[in-house]
Structure formats: C-alpha cells, structure tokens
2 protein chains.
Amino acid sequence: MTGTERLSLNQITTRGWSLPEAVRGCVEAGIPAIGLWRDKVAETGLARSAKLVRDAGLAVSSLCRGGFLTAADPALRRTALADNLRAIEEAAELGTDTLVMVVGGLPDGSRDLASARSRVRDAFAELAPHAGDFGVRLAIEPLHPMFCADRAVVSTLGQALDLAEQFPARQVGVVVDSYHVWWDPQLAEQIARAEGRIASYQVCDWTLPLPADALLGRGHVGDGHIDFRTLTDRVAAAGYRGYVEVEIFNEEVWNTPGEETLRTVVARHLAHVAGR
Amino acid sequence: MTGTERLSLNQITTRGWSLPEAVRGCVEAGIPAIGLWRDKVAETGLARSAKLVRDAGLAVSSLCRGGFLTAADPALRRTALADNLRAIEEAAELGTDTLVMVVGGLPDGSRDLASARSRVRDAFAELAPHAGDFGVRLAIEPLHPMFCADRAVVSTLGQALDLAEQFPARQVGVVVDSYHVWWDPQLAEQIARAEGRIASYQVCDWTLPLPADALLGRGHVGDGHIDFRTLTDRVAAAGYRGYVEVEIFNEEVWNTPGEETLRTVVARHLAHVAGR
C-alpha cells in the first residue's frame, strides 16, 4: 500500500493476538514490518517465530525488550545480565538489529537514583560489545518521567544520548518514542543531536485522562496532544530512515478486534506520519 | 518547637479545613508559616484572611496560585492577565512576597507546545513589572511532565530558569517542588544554577501506584521514592533559606483529620528535612 512502506506494528498493540496471528494480520493489512515481544516469541518458539516472519516477508523492526539493569544485589544483577545476553541472541536470530532497552527503575526500598543510573551505565559496558558481535544495537528507551521510580531511571532523550555516546554507534543507540518524549523542552535539540543514534522511532499519542494504570494511557496516533508532523520531520531531519513502529498500551485498544486496530493504525499513519 | 523553624503548611494539605481552621491548626502544631490558596482566601475574605494570619503570628510563605497563561484567544488571555494582576495584589495584601505560578497547559484542541510556551513568556513580560511594584515575586513552578498537556507547559527546572532569567530576580523566581522535579537527570546542576532564583521549596513524596486522578498521587515526605536529604542539601547549597512548604494532593490525606495530618507533617519534616 502506498504510504505504509515504513509502517511497523509493535505487537503489543494487538496484545490479544499470538505471534502467528500478528504476522498474518500485518500481511493482510499491508504492514511490511513488525516489532516483536520476547514473551510472544517464547510462546510460539524462537526458531518457529523467526521462520514465520521470514516466510511472511516481514521485516522485524525491533525486539522488545531487554533492560532492567538497576539491581544492586549481585545475584539479581548477574541474572539480569544473563537475560540480556539471551535477548541479544534472540534479536539476532529473529533477524532484527534493534533490541529495545528499558533500563529499570529504583530497586525496592532505594531512593538512590544516581547509583541506579551508574549501574545502568556499567551494565551497558558489559553488554554493548556482545551486542556488537551479534550485529544487534542496544536501543536505550528513555521512558516518561512518570515511570522513573518503577521502570526506567533514564527519563529524557538527552540523558539516553549521554549514555549511548559512551559506546560505538553501531552498538548502542536510542529510541525516540513520541509518548515518552513529546513534552521535553529540549526535544528539538536532542533529536538533532541524536543523528546516527536513532535506532527506533515509536509512536502513540498522549491522551487524557490518565487511566488508573498509568502504563495503559496511550492512544492511537491522532487521538491526543502530540504534534506528529513536527516530531516526524525532526526525526527525519536527524537522518532516521527506518520503520515507524506503532506501540500502544491501552486496554480499550487491546479489547478491540486486531483487524480493526490495524485498520486504524494504517489510517492514522497515512494521516499523521506518512510522507514526512 | 526545635526543628520546625522553617516548616510551612501549604493549606491544600488540609483541604477540608477553612482558612481560620488551618491558621489555628498551624499555631497549635507549632508550625510557623502557611502557604495560602486563593479559593480559601476568597471564602474567608481577603482582609479578614490577612488579619487572621497576621494576628496568629504566622508568616505567609506563598500564595497559590497565579498562571494559566497559555490561552491563544485574546479575550481569554485578557481575562487571565487580569486575574493574575489581582493575584499579585492579593499576595501583597496577605503579606507574602511569593506568588506561585502554574503556567497552564495546551489550549483545547491545540498541539502547538512551542506557541503555548511563547505566550507564557509574553505574559510574564506583562506581569513581572507589576509584581515587582507590589514587592511580589512570580515563582514559576515547573510541573511534572505528566501534566504538560493539561496544566503546565513548563516541565523542568531548567526550562523554568530559562524563562525566569529573562527578568530581574526580584520579579521572577522559580519553585523547586520535590514531586515535580525529583526524577530530572539535570536536577543537581539546575538547582545550583537557580541560586538567587529559588522563591519556594515545596515538598511531598512520589508514591506508587499513581491513583486514577494522577493529580492526587502525592504522599507524605518519607512515604515514597524521593531522597529528601540530598534534595534539601542541594537547595540549601543554592542559598535558599526560606520555608519548606508541605503541599500534598491526596484524597486519603484529605480524609484524615487535620490535626493528625499536621502531626505527620511535623514528624516527617523532623525526620527527613530539618537540620539540613
């Protein structure tokens, strides 16, 4: 379909679908790429998942997700690092060069943000060369500051770049996710600075009111307050030519039949994102 | 009481109390200052409110709040400016030099953050000299980025300072509110930069999960994830010697008898903030 050449479905958007269902849904909707989740891949099996997407002719725009690297406890830390090494290998086997990294929040009972951030940096130093060996780039995703305590102590694109720039660009990049960064007064300059580091561009809209579970408040592109034309232009001006991955956490969207969700995803992409 | 010399009760914390009740509560709890809200002042009457706090020997650490300056519509804009001029005069009559400013979110249907921010700047240019004439400082409060769409397009301390520094320090300052800024990776450097501009230091804790109304998720100091020792030290190192105002939006706190809330406020202040 004209205009959908760079569209990707992040499969969390059709959470009710298994991986085979999501693959079929993308093919039928004319969506050429998919962002996979590790739990869905595990459910179907790694080798079978890789074959399914390959046989369907879909590109894998990213694997979600590695990270959760803030534990201070040595045993927990070793477990997390080992899990991330596996995630890197899974990404390679699935045929994607992008592993999305959500770095983790404060450990239970800790108020020490600086130390948590420093442990994230140390973990990247261990993981980045390994990722490079597998042709996979660790894509640091700054999460909205409302997730700082429980999910990601990396909260802004500038902070993600400060971390990424300590490593070769082919090993560590950043995610620009509209929902997490749209409010940032430094956004324009940080996207420009991110040239060569943008590993993934994810989109969904900021809608209000926030639901009881703040994680699930994301809307379809066009339903909320984000100016996608300007944002997409900035990401393009920074040299990004990859897929635009639609990633929506929202109970209502999840309760909608997948085919209908994909029709909306395609229509909103054409209306708000495509052609920039 | 030793250790409470710099404690102030922001009266939203005891929302069920009228202004006279809050004044009496502070006196009985040994809290030497109060932050007032305009709706509560209006309920009691401006002159009577001013007399009540003065006769009780309480300092007024701030008046909440002016702002909401993002309207594009000329009539709405004039109304907002006029209301802020009144707020400045009210602050002066109440005996405080600090008017807290929550700048406002995106106008209905707008996705143009840059223009909204620019209108805020223009409004400050109109209001700041007037504030100076009355001996009142406009204290720009950056709100947590989760309020960017609906409440405040100023989201970080750095951004607030970029705005404040366009005006004389005696006319425009900033608020450091723990809840809104604790997550900021640039916090240490921005607080240091804020020397001479910190007009108010407000505290409450970041607790999880966020409630259905995200506005009401704030906890007593010590109940959440914020490191108040480090934060308070930084604010002190930037030269701030004013009151530490406890401002809690939380249904559960609001449903607690005021006397009990004040006992908690005092105890937490002594445990986490005092002496720094």
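Trainee: At what angle do helix α3 and helix α4 of chain B pack?
Mentor: Good place to start, and keep in mind that this is a predicted model. Two packed helices are described by the angle between their axes and the distance between the axes. For residues 46-55 (α3) and residues 74-94 (α4) of chain B, the axes lie 9 Å apart, and the angle is about 35°.

Trainee: Which residues of α4(B) make the contact?
Mentor: Let's take each side in turn. From α3(B) come B:Leu46, B:Ala47, B:Ser49, B:Ala50 and B:Val53. The residues of this contact divide into two charged, one polar and five nonpolar. On the α4(B) side, the residues are B:Glu90, B:Glu93 and B:Leu94.

Trainee: Now for the two chains: how much area do chain A and chain B bury between them?
Mentor: Contact involves 31 residues of chain A and 31 residues of chain B. Of the buried area, 63% is on carbon and sulfur atoms, and the total is about 2,400 Å². On the side of chain A that touches chain B, the residues are 16 nonpolar, ten polar and five charged.

Trainee: How many salt bridges does the rule find across that interface?
Mentor: A salt bridge here needs a side-chain nitrogen of Lys or Arg within 4 Å of a carboxyl oxygen of Asp or Glu. Seven residue pairs are in polar contact between chain A and chain B, counting pairs with both at pLDDT 80 or more. For salt bridges across the interface, the count is zero.

Trainee: What domain does the UniProt annotation place on residues 26-261 of chain A?
Mentor: That stretch is 42% helix and 18% strand, with its end C-alpha atoms 11 Å apart. The unreviewed UniProt entry annotates it as "Xylose isomerase-like TIM barrel".

Definitions and conventions. Residues numbered from 1 in each chain as written. Chains lettered and ligands numbered in written order. Predicted model: local features only at pLDDT ≥ 70, side-chain atom pairs only at ≥ 80, totals over all residues. Heavy atoms only, no water. Contact = heavy atoms within 4.5 Å. Buried area = accessible area lost by both parts, 1.4 Å probe. Polar contact = N/O pair within 3.5 Å; in protein donor to acceptor, adjacent residues only side chain to side chain. Nonpolar A, V, L, I, M, F, W, Y, C, P; charged D, E, K, R; others polar. Axes fitted to C-alpha atoms, helices over the stretch in contact; angles between N-to-C directions. Helix = DSSP H or I, 4+ residues; strand = E, 2+ residues; numbered from the N terminus. UniProt positions renumbered as here; feature names shortened; annotations may be inferred.
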